[in-house]
Structure formats: C-alpha cells, structure tokens
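Visitor: I have a new structure open and would like a short walk through it. Could you take my questions as they come?

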Amino acid sequence: MTLGELAEALGLQLEGDPARRIESVATIQSAGPGELCFLANDRYRQHLRSTRAGAVILHARDAADCPVAALLSDNPYADYARAAALLHPAGKAEAGISSSASVDPGATLGEGVHVGAGAVVGAGVELADGVEIGPGCVVAGPSRIGAGSRLRPRVVIEPGVTIGRDCLIHAGVVIGADGFGFAPDGDDWVKVPQLGGVRIGDRVELGAATTVDRGAIEDTVIGDGVKLDNQVQVAHNVQIGANTVIAGCTAIAGSSKIGRSCMIAGGVGIAGHLTITDGAVVTAMTLVSRDIREPGIYSGSLPMDDGASWRKNSARFRKLDDLARRVARLERELKDKGEKS
Amino acid sequence: MTLGELAEALGLQLEGDPARRIESVATIQSAGPGELCFLANDRYRQHLRSTRAGAVILHARDAADCPVAALLSDNPYADYARAAALLHPAGKAEAGISSSASVDPGATLGEGVHVGAGAVVGAGVELADGVEIGPGCVVAGPSRIGAGSRLRPRVVIEPGVTIGRDCLIHAGVVIGADGFGFAPDGDDWVKVPQLGGVRIGDRVELGAATTVDRGAIEDTVIGDGVKLDNQVQVAHNVQIGANTVIAGCTAIAGSSKIGRSCMIAGGVGIAGHLTITDGAVVTAMTLVSRDIREPGIYSGSLPMDDGASWRKNSARFRKLDDLARRVARLERELKDKGEKS
Amino acid sequence: MTLGELAEALGLQLEGDPARRIESVATIQSAGPGELCFLANDRYRQHLRSTRAGAVILHARDAADCPVAALLSDNPYADYARAAALLHPAGKAEAGISSSASVDPGATLGEGVHVGAGAVVGAGVELADGVEIGPGCVVAGPSRIGAGSRLRPRVVIEPGVTIGRDCLIHAGVVIGADGFGFAPDGDDWVKVPQLGGVRIGDRVELGAATTVDRGAIEDTVIGDGVKLDNQVQVAHNVQIGANTVIAGCTAIAGSSKIGRSCMIAGGVGIAGHLTITDGAVVTAMTLVSRDIREPGIYSGSLPMDDGASWRKNSARFRKLDDLARRVARLERELKDKGEKS
C-alpha cells in the first residue's frame with residue numbers, strides 16, 4: 001500500500017509523500033524505508049529521531065521530532081493495530097471440508113465454512129457463514145458458532161455452547177467441560193450434574209489452553225468483546241461483562257460476576273460468588289476474596305525481595321498480630337507515664 | 001418422573017402430591033411447576049416462600065416455610081445431585097468404533113466400548129467394558145482403563161498409565177507426560193529418564209486441561225474418589241489420598257504426599273517432598289512450604305486492598321524485620337526508664 | 001548390561017564385581033540385586049547401609065558405608081540419569097507416516113521421520129531427519145523442526161515457528177498462538193496483529209500443556225537447553241536465555257527477558273518488560289515486579305499459617321503503614337521525654 005492509501009483507510013493526516021510504498025510493520029528501532037512503525041510509549045521516544053522507518057504513526061505533538069513521514073493519530077497504538085491488519089491481512093482458510101474431517105450429517109453448515117483436517121463436527125452443530133474450524137478440533141452438538149468466528153487447531157466445544165460472531169478461539173481451548181460440582185456425603189462426593197451451557201458473545205478472543213466450564217443449572221456467560229489470554233480458567237456460572245480483558249493464568253471460581261470493561265491482570269484468583277463492579281482494575285497475582293463495589297485499582301501481592309530480607313520479614317509476618325499488640329501496649333504505657341509525670 | 005417415584009428412588013419423605021410430574025431441575029428463584037429445586041444454603045432461604053417450583057428438596061426444619069411440595073432430606077444438596085442425575089441421565093455414547101478412529105490390533109477392548117472419531121488407541125491398551133474414548137483422544141499402551149470410565153475429547157494417555165473404574169476425564173487432560181527431572185551438570189542439565197507410571201483409582205474425576213505426570217522411578221498415585229478441577233498440575237511421584245478434592249489451577253510439586261479427604265482450594269502451590277495429613281483444608285492461593293501434620297485450616301494469601309493502601313502497606317512489609325527490632329528497642333527503653341524512675 | 005560395561009560407559013570407577021548384570025533402576029530403598037540406584041541427597045543416606053541393590057552410584061566419600069557394589073561419581077544424580085538412559089533407552093518411533101495422518105505435499109520430510117496417527121502436517125513444514133510427530137499433532141507451515149526433535153501427542157505448532165535439534169515437546173503444548181495484544185479504543189479493544197514468530201533452540205524440553213505465544217512484531221525466543229515444566233505460559237516477545245529451567249505453572253508476561261542459567265520455581269509470575277540477569281533464582285509463587293540485576297535468590301511469597309493466626313496477622317497487614325507510623329511517633333515521644341528528663 002502507499003502511505004496515501006493508508007492515511008485514507010485510517011482517516012489520519014499524513015505529513016510526507018503519499019506515494020511512498022509501505023510493505024510491512026516493524027519496531028521503531030528496526031524499521032527500514034518500506035516499513036511502518038508507531039510511537040505510543042514514552043520509553044521508545046528516544047528512538048524517534050534516529051528511526052529509518054518509511055513512516056511513523058504518532059501523536060501530533062511528536063511530529064516535530066519525526067525525521068520521516070508521519071501519520072498523526074490521537075491513538076497511535078490503535079491506529080498501528082489497524083494499519084498492521086491492513087498490511088498483513090489474516091490468512092482466510094479456504095472454504096470446504098477436509099477429506100479427513102468427520103462432519104455428521106446432522107450438522108448445519110453455512111456458506112464458506114472451512115473444516116480442517118481431522119476435525120470432528122457432531123450432530124446438532126450449527127456453523128454460520130464463514131466459520132473456520134481448525135484441524136483437530138472437536139465440536140459437539142447441540143452448539144452454535146456465529147458468522148466469521150474462527151477456531152484454531154485442537155479446540156474442544158462440548159454440547160450446549162453458543163459462540164457469537166467474529167470470535168477467535170486459540171488452540172487447546174476447552175469450552176463447556178463440566179463445572180467442578182460435588183456434594184459432600186459422608187466421606188464421599190456425589191457428582192452434581194452440570195446441566196447448564198456456555199454463552200459467548202461477539203468479538204470474543206480466548207487464548208491458548210483457556211478453559212470455560214458449563215454452568216451447573218444456568219449458563220456460564222462471557223459478554224461481547226471480552227478478551228481472555230492463555231490458560232485462564234473460568235468456572236461454572238461465572239459471568240464476565242462486555243469488553244473486560246483478563247491476562248494469562250487468572251482463575252475465576254464459580255458463580256462470580258465480573259463487570260464490564262474491567263482489566264484483570266495475570267495470575268489473579270477470584271473467589272466464588274463475588275461481584276466485581278464495572279471498570280475495576282486488579283493487579284497481578286492478587287486474590288480477590290471479597291466484592292469490589294467501586295471502580296479503581298485493587299492489589300494483593302507481596303513485594304519481591306532478596307531471599308535473606310524476605311526470610312526475615314516473612315518470619316515477622318507470622319508474629320504481626322503480636323507486634324501490633326505490643327505497640328498498643330507501649331502506647332498505653334507511655335500515655336500512663338505522661339499522665340503520671 | 002413423578003414426585004412419588006423420585007421420593008422412592010431417593011429414599012426421601014414427600015410432603016405433597018406424589019402424582020405431580022417433574023421434568024427437570026432449576027434454581028429456587030427460576031423453577032416453574034414442572035421443575036425441582038433445592039435449598040441447602042442460607043443465602044437462598046429468602047427465595048423459599050415465593051418459589052413456584054414443582055417441589056423443593058430441603059431440610060425438615062424448612063418444610064413449614066415451603067409453599068409447594070417438599071422432599072425432606074438430611075443432605076439436600078447431595079439428594080438434589082442424585083435427583084438431577086435421575087432426571088437428566090448422562091448420555092451414554094453408542095458402543096462401537098468410529099470409522100475414523102485408529103485402533104491398533106494389539107489393543108484389547110471389552111464389551112460396549114465406544115471409540116470416538118479420530119481417536120487413536122495403541123497396542124497394549126486394555127479398555128474394560130463400557131469404556132468411552134472421546135473423539136480425538138490418544139491412548140498409548142501399555143495402559144489400562146477400568147470399566148465404565150469415560151474420556152472426553154482430546155485426552156492424552158501416555159504409556160504406563162492405569163485408570164480405575166467409573167472415572168471421568170475431561171477434555172484436554174494429559175496423563176503420564178514426563179515428570180520434570182534434570183540433573184545439573186556444569187551449565188547443562190542431564191535429563192533424568194522418567195520410568196514410573198501413573199496409577200489412578202476408581203471414581204476419579206479430572207478437570208479440563210489438568211496434567212498428571214508419570215513417576216521418575218516409582219508411580220504417581222491418585223486414590224479412589226479424588227476430584228481434581230481444571231488446570232491442576234500433579235508432578236511426578238505425587239500421591240493423593242482417597243476422596244481428596246482440589247480446585248482449579250493448583251500445582252503440586254514432585255513427591256509430595258497429600259492425605260485422604262483433604263480440601264485444597266484453587267491456585268494453591270504445594271512444594272515438593274512434603275506430607276499433608278488427612279483432612280487438611282488449604283485456602284486459595286496459599287503456598288504450602290512445609291508439612292501439615294494436624295488437620296485444620298491453613299492459609300497464606302495476602303488480603304486484597306485498594307491500590308494506594310496496598311502500596312503503602314507492602315512497602316512497609318519490606319522493612320518489617322526492622323520495625324520489629326524498633327519495637328523491641330522501645331520496649332527495652334521504656335522498661336529502663338520505668339526502672340530508673 | 002554388566003556393571004563393568006556401565007562403569008566404562010559412564011567413565012566411573014567401579015568397586016565390585018564387573019560381571020554382575022544390571023537390568024533396571026530403582027530407589028535405594030526398594031532396589032534388588034539386579035537393580036541400580038544412586039545416593040545424592042542426604043535425606044536418603046540412612047537407607048544406604050541396608051540397601052539390597054546390585055550397585056549404588058555415590059560419592060567416593062560414601063563408599064565405605066556401601067554394603068554392595070559402588071560406582072564412584074562426583075555427580076551421582078547426573079551419572080544416575082545417564083545410567084538410566086542406557087538401561088532404559090527411550091523407544092524410538094518407527095520411521096514412516098501413519099495412514100491416518102494428513103501430510104501436505106508441500107511439506108518437506110527428512111530421513112527417518114515418523115508422523116503418528118491422525119497428525120496433520122501442513123504445507124511449508126520442514127521436518128529434519130529423525131523428527132517424530134506424535135499422534136494427533138497439528139503442525140502448520142511455514143515452520144521448521146530440527147533433527148531428532150520429538151513432539152508427543154496433540155502438540156500444536158502454529159505458522160512461523162522454528163524448533164532446534166533434539167527437543168522434546170510434551171503433549172498438549174501450543175507454540176505460536178497469538179500473543180495477547182489489544183489496543184484500547186474507547187470501550188473497545190482493537191486487536192494488534194501478532195506478526196512475529198517463535199524461535200526455540202536445541203535440546204529444549206517443554207512440559208505438557210505449556211503455551212508459548214508468537215511475537216507481536218519480532219520473535220519470542222527460547223534459548224538452547226532451556227527446560228520448561230508443565231502449564232508454563234510464555235507471552236509474546238519473551239526471551240529466555242540458554243539453560244534456564246522454569247517449573248510448573250509459572251507465567252511470564254510480554255517482552256520480559258530472562259537470562260541464562262536461571263532457576264525459576266513453580267507458580268511464579270514475571271511482569272512484562274522486565275530484565276532478569278543470568279543465574280538468578282526465584283522461589284515459588286513470587287511475583288517478579290521489577291528487574292533483577294544481581295544473581296542471587298529472590299522471594300515474595302507469604303508464609304503459610306494455621307487459619308486463625310493467618311486471619312489475625314493478615315488483618316494487621318492492612319494496617320501496617322499505620323502501625324509503622326505509630327512506632328515512629330512512639331520513638332519521637334520517647335526521645336522527647338528523654339530530652340526533657
């Protein structure tokens with residue numbers, strides 16, 4: 001594409017030669033004359049003056065320092081993302097069913113559906129137009145996958161799952177396995193049948209090896225525009241509001257309800273039956289053990305230290321209540337002394 | 001089923017019309033006249049008086065408040081679980097081998113075995129009567145799976161694994177991958193061959209994407225009735241006692257031995273070579289770094305706080321030993337002063 | 001093998017009968033006359049005098065206490081590992097392509113390549129000599145796998161991945177899924193195309209269900225000799241230096257750079273854009289939230305306690321800043337008093 005075409009497609013003002021050709025994207029440090037980069041983060045500003053890129057997407061306020069063509073943007077990172085998608089369009093799998101796939105005659109396939117090698121599509125599965133089922137996937141019915149959604153290799157969809165439009169489900173994801181429900185009965189555990197399903201909205205992305213369990217009675221629900229990273233665990237009857245993003249290895253216990261537009265970092269644990277309000281931010285490796293009622297930032301990790309300091313400090317933690325009582329006693333004694341003197 | 005049939009099957013006393021038909025289960029808030037619900041948790045008692053369910057399974061002490069038919073139970077949740085299994089029997093896969101499955105002639109299959117599409121069953125595999133191997137599973141031999149056990153899609157069983165009767169292994173589980181064993185040798189690591197196997201008892205359930213490694217020399221062992229949630233990691237030579245339950249994303253390092261009837265919450269880490277006694281309870285995201293010798297509850301997570309408070313408090317944690325020394329000095333000084341005055 | 005052959009193959013001095021036959025390995029407690037064991041850890045020294053093993057690999061300083069044949073080693077654990085590999089050679093899959101595998105004509109296969117049942121090998125894949133692709137794997141091209149590397153069942157390789165020689169990739173691993181990159185744009189998230197690949201060195205081992213994401217623009221890089229345990233998460237553009245080992249369930253956020261010969265324990269979280277120096281050691285469940293510039297041990301987990309003590313102490317943690325201020329006030333008051341008196 002030319003810079004002029006890019007500027008028009010993105011709706012951005014161009015400072016530079018509209019006829020220059022851009023082939024691909026690169027980092028600001030490594031980009032060459034046929035490459036586009038962006039500047040959104042202060043830590044990379046030092047590289048701007050020396051960049052050899054074909055063009056840089058940046059804020060108007062940085063344009064004066066840019067030695068090459070510039071595309072002026074109020075949101076350089078988002079516009080970079082759009083530009084990269086234009087320059088490197090995601091390969092679309094060819095429509096058709098691989099000869100080694102198993103598609104049950106009781107499945108319903110829309111126009112332009114792709115089913116990869118070795119994939120298994122069961123009776124009662126509905127695949128809307130343009131759905132891509134990657135090699136080795138297993139999709140059991142009844143279930144429904146909306147138009148344009150793509151399953152990468154080896155995804156498992158258990159019965160009772162609905163997925164919206166334009167979703168991207170990465171390799172190894174399991175949707176609709178049984179929730180973890182057992183009723184204690186003496187020494188034994190009686191399995192509680194997991195009879196609900198999973199409902200996933202539009203434009204959802206689920207990272208590799210993430211698991212989303214089916215509900216116990218009602219459904220587990222993931223809203224439109226939600227993005228989950230790799231190895232996230234979503235237990236039965238969890239609800240995740242629209243546009244919430246959750247980083248890798250976070251686990252959400254049963255029946256918790258996460259609001260819209262939350263940002264949950266990696267390695268977080270969210271206990272069961274909690275409510276987290278819209279717009280909450282939780283930092284890495286925090287255990288959310290009570291409701292979050294106000295938007296804001298919430299944390300609960302211990303700071304890293306060198307081993308010797310950590311050992312001394314954490315030993316004191318086990319006596320922290322005692323320490324606080326000793327301080328209170330000192331305060332009383334000093335007050336008594338003050339009153340006496 | 002009629003309420004009378006349900007009451008008889010569950011061995012419960014019925015207060016209400018035994019001829020009423022029940023079609024399915026529902027929550028106490030949403031149940032209609034053909035549906036059964038239960039009351040086991042105080043937080044739902046408020047919904048009892050207004051329920052429109054066909055019947056409620058509850059304690060005798062709650063029966064007076066129940067506006068509809070009641071099934072009286074000493075353990076309403078367990079009896080609900082049994083009732084749900086009667087009303088919604090798990091679909092049994094049809095016996096037979098899918099035409100797209102690969103079953104080695106050296107495998108031994110009992111009566112009524114099901115092997116799903118694209119599954120691979122190797123030489124030396126023994127599948128007892130009624131075993132179900134889901135689509136896309138890979139079962140390598142030698143290995144043995146007991147009667148009535150079911151593997152959901154895409155489970156991997158490596159050689160040297162024994163699974164008991166009536167187990168349920170969810171999608172994406174890997175049993176018998178190599179344990180993590182490397183001997184340091186200068187800058188290099190020499191792989192320690194992982195020569196043990198995995199032995200899993202009867203009535204075990206393993207959640208989606210859980211991994212159970214083979215032993216280094218002897219076996220990794222999971223006892224009867226153990227239930228593991230999703231994404232649990234069980235390292236080589238771990239032993240888990242009967243009826244222990246472990247929630248999602250918990251990891252157990254090598255050679256640790258967990259007792260019977262323990263309850264381990266999610267996100268817990270258990271260090272290697274430890275012993276945990278029968279009946280121990282460990283709360284979420286605790287690092288178990290020493291033996292647990294007495295039953296009871298054990299915890300080690302940091303409480304969540306708003307970001308500003310957490311930042312101030314956790315900065316103080318890094319000086320906690322110093323703070324404790326300052327308090328001890330104050331105590332000495334005040335004592336000295338007291339003695340002087 | 002005879003003890004004499006073993007001693008010669010390992011380059012160790014033998015004290016005992018070189019003609020004795022050794023069939024297999026065992027633990028020092030359970031080994032019988034045809035079995036070899038080792039002593040490397042003080043906790044097992046108590047079993048040495050009573051061992052009935054055919055031979056023990058041990059330090060020369062322990063030889064006097066050994067009642068049976070001894071192989072003297074400066075590194076008994078590494079020499080045990082080598083001996084075990086000699087006595088129990090890993091089964092080599094037969095060369096050839098399973099009739100149920102799908103190998104694209106555009107793939108390039110070296111000598112002695114094995115492709116297992118149901119595996120899918122795409123166009124543009126290069127498999128060097130002796131590569132083993134396990135049953136159910138999906139390998140998409142362009143990608144390259146070096147000589148002698150083995151993929152266990154159900155591994156997924158996305159396009160743009162290079163794997164070196166003699167690697168071992170365990171079941172369920174996903175290499176090259178999209179990194180977690182989204183640019184905020186009002187309430188929405190714009191997907192940032194993940195255009196980099198993954199480069200993995202020689203002699204790397206990846207544990208079951210581990211995920212390694214492709215880079216955003218440049219590659220994610222794993223050095224020679226790196227060993228990752230099960231369920232490790234490696235985000236986009238992470239770099240891991242040679243011979244670093246990382247235990248189960250550890251997660252590394254985007255663009256962090258881990259040095260050579262580090263030892264990272266299980267359940268660790270490493271925040272994004274950090275640098276960890278060569279030879280650093282991080283203990284279990286630590287959140288690494290800043291650079292590690294000096295080799296040494298780093299920790300950040302809370303000590304486990306009984307539930308009652310933990311509840312009291314952790315409640316105090318939420319007032320720790322306040323407690324520190326109260327101690328400072330006491331110090332000032334006491335100093336004032338001292339000056340007045």
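Visitor: In what sense do E38(A) and strand E37 of chain C pair, and over how many bridges?

Guide: A word first: this is a predicted model. E38(A) pairs with strand E37 of chain C, residues 296-299, in the antiparallel sense, and the pairing runs over two bridges.

Visitor: Which residue in E37(C) is the bridge partner of A:Asp306?

Guide: That is C:Tyr298.

Visitor: How many residues of chain A and of chain C are in contact?

Guide: Chain A puts in 67 residues and chain C puts in 70.

Visitor: What area is buried there, and what share of it do carbon and sulfur atoms give?

Guide: About 5,800 Å² is buried between chain A and chain C, with 64% from carbon and sulfur atoms. On the chain A side, A:Arg154, A:Met304 and A:Phe317 supply 15% of the area that chain A buries against chain C, more than any other three residues.

Visitor: How many salt bridges are there between chain A and chain C?

Guide: There are six. One of them joins the side chains of C:Asp305 and A:Arg318, at 3.2 Å from N to O.

Visitor: Which elements of chain A give two or more residues to the side that touches chain C?

Guide: The helices are H2 (76-87), H3 (307-317) and H4 (320-340) of chain A. The strands are E26 (227-228), E29 (245-246) and E38 (305-306) of chain A. H4(A) gives the largest share, 12 residues.

Visitor: And by class, what has the side of chain A that touches chain C?

Guide: That side has 36 nonpolar, 15 polar and 16 charged residues.

Visitor: Changing topic. What rotation superposes chain C on chain B?

Guide: A rotation of 120 degrees, with 0.0 Å of shift along its axis, and the RMSD is 0.1 Å. The two copies are therefore related as by a three-fold rotation axis. For chain A on chain C, the rotation is 120 degrees with 0.0 Å of shift along its axis, and the RMSD is 0.0 Å.

Visitor: How many residues does the contact take from chain C and from chain B?

Guide: It takes 67 from chain C and 70 from chain B. These two chains bury about 5,800 Å² between them, 64% of it on carbon and sulfur atoms. C:Arg154, C:Met304 and C:Phe317 supply 15% of what chain C buries against chain B, more than any other three residues.

Visitor: Which residue does B:Asp305 form a salt bridge with?

Guide: Its partner is C:Arg318, with the closest N and O atoms 3.2 Å apart. The count of salt bridges between chain C and chain B is six.

Visitor: Last topic, a sheet within chain C. What is the order of the open sheet of five strands?

Guide: The order is E1-E5-E4-E3-E2 in chain C, with mixed pairing. Strand E1 (13-15) and strand E2 (24-25) of chain C are the edge strands, each pairing on one side only.

Visitor: Do E3 and E4 of chain C run parallel or antiparallel, and which is it?

Guide: Parallel: three bridges join strand E3 (residues 35-38) to strand E4 (residues 55-58) of chain C. C:Leu36 stands opposite C:Ala55 in E4(C).

Terms used
Residues numbered from 1 in each chain as written. Chains lettered and ligands numbered in written order. Predicted model: local features only at pLDDT ≥ 70, side-chain atom pairs only at ≥ 80, totals over all residues. Heavy atoms only, no water. Contact = heavy atoms within 4.5 Å. Buried area = accessible area lost by both parts, 1.4 Å probe. Salt bridge = Lys/Arg side-chain N within 4 Å of Asp/Glu carboxyl O. Helix = DSSP H or I, 4+ residues; strand = E, 2+ residues; numbered from the N terminus. Nonpolar A, V, L, I, M, F, W, Y, C, P; charged D, E, K, R; others polar. Pairing = 2+ DSSP bridges. Least-squares fit on C-alpha atoms with pLDDT ≥ 70 in both.
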